[in-house]
Amino acid sequence: MRKCLWLWGLLFIALGFAWSITAERNPRTERISDVAVAVSLKVLKVKSESKNAGSAGDVLEDDPVGRLKVYVYELPSKYNKKILQKDPRCLSHMFAAEIFMHRFLLSSPVRTLNPEEADWFYTPIYATCDLTPTGLPLPFKSPRMVRSAIQLISSSWPYWNRTEGADHFFVVPHDFGACFHYQEEKAIERGILPILWRATLVQTFGQRNHVCLNEGSITIPPYAPPQKMQARQIPPDTPRSIFVYFRGLFYDVNNDPEGGYYASGRGARAAVWENFKSNPLFDISTEHPTTYYEDMQRAIFCLCPLGWAPWSPRLVEAVVFGCIPVIIADDIVLPFADAIPWEEIGVFVAEEDVPKLDKILTSIPPHVILRKQRLLANPSMKRAMLFPQPTLPGDAFHQILNGLARKLPHPKSVYLKPGEKILNWTAGPITDLKPW
């Protein structure tokens, strides 16, 4: 039975390639497909707008300039620039969005130098730029750094105190956001730093019904180096000869800075390896070849299983390289979900269904695959996942601003009455209360 499945899958690939090539060479077929994609996107837009007018479907076309003003606090360099000077590796780390968002805002047209006219206040803290010699992030100082910065802005400006942070946003791209730990059970135990409970958190972590995701948070993609990815592009007509592709850890025994053991991805990655390590349809390995980016561009499906957290840079890489992302992370909240039609471009597989992954993927008709590939080929889809320098219309920076703009105007309830206090500054683990 298993051998038959492999043979059927190989036949499927051959038929899919032939169908795809025919579509590309036949102008009439290509035009019909393009119209179908355009109609599909239009329907998506109408449906989304009917659910939440002005916040979905049309987001990729939005220009945030003129819709909001952001005041950037000027903090001592020990909170940002000096940290980066100490370890420039932070510029290329998957958590680098906090650095590039700061740089973007400093020269953005939405920035205002008059805090009285600001809609939002931004505190530039590089809280993830604390790496081990092997490049792993250490989040243990982050809570004290954040508390220190908030104590500074609340004592130097009046704006934090009038809302206790409800009109402030923070970029917190740690594994589990403002819970500031890389292991889920410990992140849950910590919870979101209490002093940030009223602020809007811009974070890579997104999982429904999770203590580390506040309602109203903006979920963003992890940072992936745009220039490096652009430099590794191969001709778009290169055949996709790999059915399923994945490179990464299946069992993580060395990646815990505290020396512990962690089974990557709640067992989902281990299930991928145990079930498909010998399946010829699956090109999976722990080895990370120098042709990694090129290989993704030769693959039809790219696995994006959860690891330490539900999100992964592979999601960005898959979209940029036109490889259909196979998302294996139950209850994940995807980046800019109101701007990117994830259901249309990706494949979602429940963690418990990983053993059936081969059957699930080989059952997808070729015309569905081609439609997903055409959607992924849309340049605006790729831009929305990247933090390029210089910036581009519709990129991840602008998607974040659009997310902030959609939360305006602030309701009157965010403004506190004179003398009113909501946050408990002494809540949380005692280690978080130590001076930074």
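Colleague: Which residues are buried in α4?
Modeller: In this predicted model, buried stands for under 20% relative accessible area. Helix α4 spans residues 97-106, and eight of its ten residues are buried, so the helix is largely enclosed by the rest of the structure. The buried residues of α4 are A97, E98, I99, F100, M101, H102, F104 and L105.

Colleague: What covers the buried residues of α4?
Modeller: The cover includes both helices and strands, among them the helices α3 (81-86) and α16 (396-405). Strands that take part in covering the buried residues of α4 include β1 (70-72), β2 (120-122) and β3 (168-171).

Colleague: Which residue is the bridge partner of F169 in β4?
Modeller: Strands β3 and β4 pair in the parallel sense, with three bridges between them. For F169, the bridge partner in β4 is T200. The chain gets from β3 to β4 by way of helix α7 (residues 184-190), in a β-α-β crossover that is right-handed.

Colleague: Which residue in β5 does Q203 stand opposite?
Modeller: Strand β4 also pairs with strand β5 (residues 218-219), in the parallel sense and over two bridges. Within β5, the residue opposite Q203 is T219.

Methods: Residues numbered from 1 in each chain as written. Predicted model: local features only at pLDDT ≥ 70, side-chain atom pairs only at ≥ 80, totals over all residues. Heavy atoms only, no water. Buried < 20%, exposed > 50% of the residue type's maximum accessible area, 1.4 Å probe, protein only. Helix = DSSP H or I, 4+ residues; strand = E, 2+ residues; numbered from the N terminus. Contact = heavy atoms within 4.5 Å. Pairing = 2+ DSSP bridges. Right-handed = clockwise from strand over helix to strand, strands pointing away.
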